[in-house]
Amino acid sequence: MHRMLTIVIGALIMLAFATLVLVVAPYRELEPVAAPVGLNPYTLAELRGRATYVAMGCIYCHSQQPRANSLGPDGLRGWGRASVAGDYVYDYPHLLGTARTGPDLFNIGARQPSVDWHLAHLYQPRSVSPGSVMPSYPFLFKVEKVAQPGEKRVTLPPQYAPTGGEVVATRDAVDLVAYLLALNHTYPVTGDSQETPR
Amino acid sequence: MTLTVAALLALTFLISVLGLFVFIWAQSKGLLAAGPHAAEVIFAPNEVGTIEDPSGSDTSRLALQSARDAALALPTSAAGNPRKIGPAELEERRRADLSSRAPAFAFICSAVLWLVLGSVFGLVTSLKFQAPDWLTGSALLTFGRLRPAHLNLVIYGWASMAGIGVALWMLPRLLKTALVGGHFAVVGASVWNLGVACGVTAIVLGWSDGMEWLEIPWQIGGLLVVGGALAAVPLLLTLRNRTVNHLYVSVWYLAAALLWFPILYVVAKAPYVHFGVEAAIMNWWFAHNVLGLWLTPLGLAAAYYFIAKVLGRPIYSYSLSLIGFWALAMFYSQVGIHHIIGSPIPTWLVTVSVVQSVMMIVPVFAVAINQHMTVLGHFAALKHSPTLRFVVLGAMLYTLVSLQGTLEALPYFNRVTHFTQYTIAHAHLGVYGFFSMVMFGSIYFLMPRVAEREWPYPRLIALHFWLVAIGLGVYFVSLTIGGLLQGLAMLDPARPFLDSLTVTLPYLTARSVGGTLMTLGHFIFAYHFLALVLKRGPQRVGAALIGAPQASGA
């Protein structure tokens with residue numbers, strides 16, 4: 001049986017070591033990182049929007065991590081400065097992403113602050129962004145004969161607008177846009193929070 | 001700060017290398033009791049030299065044996081048919097195979113059904129790139145839900161369950177005793193199935209934990225831990241009854257994998273522990289270890305057994321296989337962070353993962369030399385053994401995908417491929433080209449023993465092989481090229497971002513073609529599987545034979 005024990009103990013040591021290096025050490029190192037001065041916690045609406053972002057799987061095409069100039073032209077594309085660990089302290093779950101089928105969204109709120117643009121884009125991406133392969137999300141909207149007062153109407157180019165009615169955003173869509181507009185990390189990072197831990 | 005990091009880095013390195021040397025030393029001193037003898041424990045006395053492949057017909061088994069003998073320039077033993085295994089050993093093997101029937105079947109049958117469902121999800125996801133306004137009427141069918149549903153179905157439904165099923169079937173043969181506690185595994189299979197079904201339903205309904213490979217909500221994910229632990233019970237119980245002196249290398253891999261997975265999953269899913277960037281680091285530590293410490297050992301365990309067993313030839317070097325095992329455990333467990341190079345994470349972490357990704361060359365070469373040297377000179381056998389065709393292709397692609405992985409981790413190359421479809425192609429080469437191919441071969445070998453019946457339509461096996469092999473080829477080549485073009489376009493500040501999408505579109509269409517072929521292959525596989533199990537189709541010789549092939553179907 002001792003040979004089996006060698007395997008079991010050896011296997012456990014290897015995994016424990018990997019966990020120590022890749023999980024525990026970063027945990028200890030990143031735990032004290034505080035939010036930069038310019039970063040606000042999410043509002044309730046933004047958090048609801050963020051949950052929709054998670055539920056719709058936006059992460060499978062969009063990253064939220066502009067990289068340093070040495071790694072690519074993210075800055076030149078207007079995606080913002082390289083992000084730092086402090087930028088993510090309010091994020092649960094993390095949404096860094098590993099695919100860029102679509103552009104990075106870490107500063108989409110600064111780059112595209114128009115609510116109307118975002119709503120039209122979610123209703124039908126190709127109405128404002130020709131050539132996009134992003135799915136449309138018509139189920140986040142309602143079509144009404146006439147929009148009620150207080151409801152958010154969506155302005156669409158005529159060829160994308162439904163006949164005989166107006167497209168109105170549901171709360172899900174409004175919240176999602178609130179979250180997208182909150183993705184604005186253009187504040188300067190100074191002092192401790194600026195340096196990525198080394 | 002820098003000093004601590006440098007010290008930690010040096011320590012990692014030192015311990016890794018030291019550990020490797022200790023094991024090599026222990027191994028050379030015979031402390032791990034390895035020798036040429038240990039490589040032969042999976043054979044009965046005098047069995048070496050006799051082929052075994054229940055997946056073929058009698059004719060193909062005869063041809064396989066002739067090819068085997070011809071490669072050694074022996075007078076063919078098929079004609080005279082000296083049955084080299086004694087009747088006692090044959091009976092013992094029959095009993096071993098009987099003991100694992102129920103648990104192996106429970107896991108493998110579920111795996112096949114998840115595979116079909118998972119590939120349909122994958123195909124629909126892929127087609128959405130060609131028709132972004134297709135199936136957008138409901139949130140249930142949006143791209144961002146079908147894609148993680150596909151991943152979870154094929155990883156936790158198909159790959160994991162097939163791996164466990166094949167492991168359970170191999171155990172009694174590796175330990176030469178009847179499987180003990182198989183009913184624990186049967187219960188484990190139902191719990192695991194429940195976990196996958198509820199987990200994927202949750203994802204489709206929009207309830208997701210939001211991290212790649214960890215989407216299944218933790219409230220449901222616990223089922224996978226319980227199911228996996230239950231599946232490991234027979235391993236422990238059967239080990240106590242083993243009649244072999246040596247633990248074959250496959251047992252090492254299986255034991256370690258069954259131990260590792262629940263730990264990985266519990267650490268990763270611990271609710272409200274992980275935060276922000278730390279969660280991203282943990283995310284990729286986990287995701288890569290699902291490949292490295294779960295699927296890879298399960299796949300290699302099967303490859304080590306079936307290649308040797310079909311050819312009736314002990315693996316080339318038993319010592320090499322042990323080095324391969326420990327080096328895999330040491331290096332593979334630390335490579336995950338190369339998935340987030342360039343993210344706002346501590347620089348030293350990236351360095352560790354890149355270093356260990358390069359060190360992965362050690363276990364990969366150990367396995368590659370070992371498995372390919374075992375097959376070397378016997379390539380003619382591939383023609384006659386359906387099992388070998390799948391498993392050897394899988395083993396070759398393991399070498400390829402691992403070396404590609406090392407290359408991909410190098411920052412110079414990663415800069416281009418990061419965030420692109422190239423990574424998706426690489427993932428499919430690993431999980432599909434290596435792991436799934438090995439599983440297909442293993443299932444073709446063992447199902448006739450489980451169902452006590454031959455595969456009814458041998459041509460369907462060939463059709464399955466060519467469909468998925470060509471399908472994967474189209475998939476991998478097109479997406480690799482598309483991914484590279486995408487990465488280069490993304491890095492060029494003079495080109496608008498949309499260019500990086502536009503250049504991939506024709507390759508994404510080709511990917512759908514490849515995916516269609518693979519899915520078609522899976523439907524044929526599943527149909528054939530059900531025909532076997534439900535006793536449909538022609539019955540040629542009744543219960544599948546083991547032992548030496550009989551001339552004239554006696």
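**A tour of chains A and B**

Start by selecting helix α10 of chain B, residues 249-269: this helix is mostly covered, with 17 of its 21 residues buried (a buried residue has 20 or more other C-beta atoms within 10 Å of its own, C-beta atoms being placed from the backbone). Helices here are DSSP runs of H or I with at least four residues, strands are runs of E with at least two, and both are numbered from the N terminus. From first C-alpha to last, α10(B) reaches 31 Å, close to the 30 Å expected at 1.5 Å a residue (1.5 Å times one less than the number of residues).

A word on what you are viewing: this is a predicted model, where local features need pLDDT of at least 70, side-chain atom pairs count only at pLDDT 80 or more, and totals for chains, interfaces and linings use all residues. Residues are numbered from 1 along each chain as its sequence is written, while chains are lettered from A and ligands numbered from 1 in the order in which they are written.

Next, show both chains together. In contact are 58 residues of chain A and 74 residues of chain B (contact means C-beta atoms, placed from the backbone, within 7 Å). On the chain A side, α1 (2-30) and α2 (44-55) each supply at least two residues, and α1(A) gives the largest share, 19 residues.

Now select 141-144 and 166-169 of chain A: strands β1 and β2 run antiparallel, joined by four bridges. V143(A) has V167(A) as its bridge partner. On β2(A), V167(A) and A169(A) form the covered face, E166(A) and V168(A) the uncovered one.

Finally, colour chain B by pLDDT (the predictor's confidence in each residue, from 0 to 100): the average is 90, but residues 78-82 stay under 50.

Methods: Contact = placed C-beta atoms within 7 Å. Buried ≥ 20, exposed ≤ 12 C-beta atoms within 10 Å, placed from the backbone. Pairing = 2+ DSSP bridges.
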